[in-house]
Amino acid sequence: MRAVVQRVKSANVKVGGECISEICQGLLVFLGVGQDDTSNDVIYLANKIANLRIFEDKTGRMNESLLESGGELLVVSQFTLYGDCRKGRRPSFIAAANPEKGNALYQEFIETVTRMNVPVKAGIFQAMMDVELINDGPVTIMLDSTKLF
């Protein structure tokens, strides 16, 4: 499972021009599910993201987590995080989970973080979405549940 995590001042997701989810200060997470991912990957990334110390404390140091800062989380599914561009000019998405599995683990991720008392909003799985954000910092972190990076 892969995630691109961006610390934001605000972010929203629109489908068909209509805003369906919106957060203020917090994290925007683009989440990709791989074909070999399981609930263990969900648990690993949910814990990692909720506890990443990338918010500033009172001294201005990145020393607080999403849980400590009281921020919100906006989760957007993005299978293209598994795009392999090493050969040719068209990405291969063979490593991405099929839609049924991808949606199941995407929903499980949302439920897992919600149980951690994080306010969570989400995009719509497989929808064409417009995502707007104001990156705070900018701070952008890439995570992989297999610890590839």
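Colleague: Which strand is S21 in?
Modeller: S21 sits in strand 2, residues 18-23; strands here are DSSP E runs of at least two residues and helices are H or I runs of at least four, numbered from the N terminus. Keep in mind that this is a predicted model, where local features need pLDDT of at least 70 and side-chain atom pairs count only at pLDDT 80 or more, while totals for chains, interfaces and linings use all residues. Numbering runs from 1 along each chain as its sequence is written, and side-chain values use heavy atoms, with hydrogens and water left out.

Colleague: OK. Is S21 buried or exposed?
Modeller: S21 is buried, because its relative accessibility is 7%. Buried means under 20% relative accessible area, exposed over 50%, and partly exposed in between, with a 1.4 Å probe and protein chains only.

Colleague: And what is S21 in contact with?
Modeller: Setting aside neighbours within four places in sequence, S21 is in contact with A11, N12, V13, L74, K121 and A122. Contact is heavy atoms within 4.5 Å. S21 also has its C-alpha 6.6 Å from that of G123, although 102 residues separate the two in sequence.

Colleague: Zooming out, how many of the contacts in the chain are between residues 24 or more positions apart?
Modeller: Counting contacts with a separation of 6 or more, 72% join residues 24 or more positions apart.

Colleague: What pattern does the protein chain follow?
Modeller: Along the sequence it reads β-β-β-α-β-β-α-β-α-β-β, with 3 helices and 8 strands. The radius of gyration is 15 Å, close to the 15 Å from the globule rule for 149 residues, so the chain is as compact as a globular protein of that length. That radius is taken over C-alpha atoms, and the rule is 2.2 Å times the number of residues to the power 0.38.

Colleague: What box do the C-alpha atoms fill?
Modeller: Roughly 45 × 35 × 30 Å along the principal axes. Buried residues make up 42% of the 149.

Colleague: Switching to cysteines: how many disulfides does the search find?
Modeller: The search of the whole structure finds 0 disulfides, a disulfide being a pair of cysteine sulfur atoms within 2.5 Å. For C24, the nearest cysteine sulfur belongs to C19 and is 11 Å away.

Colleague: Why does C24 count as exposed?
Modeller: Because its relative accessible area is 53%. C85 is exposed too, at 54% relative accessibility.
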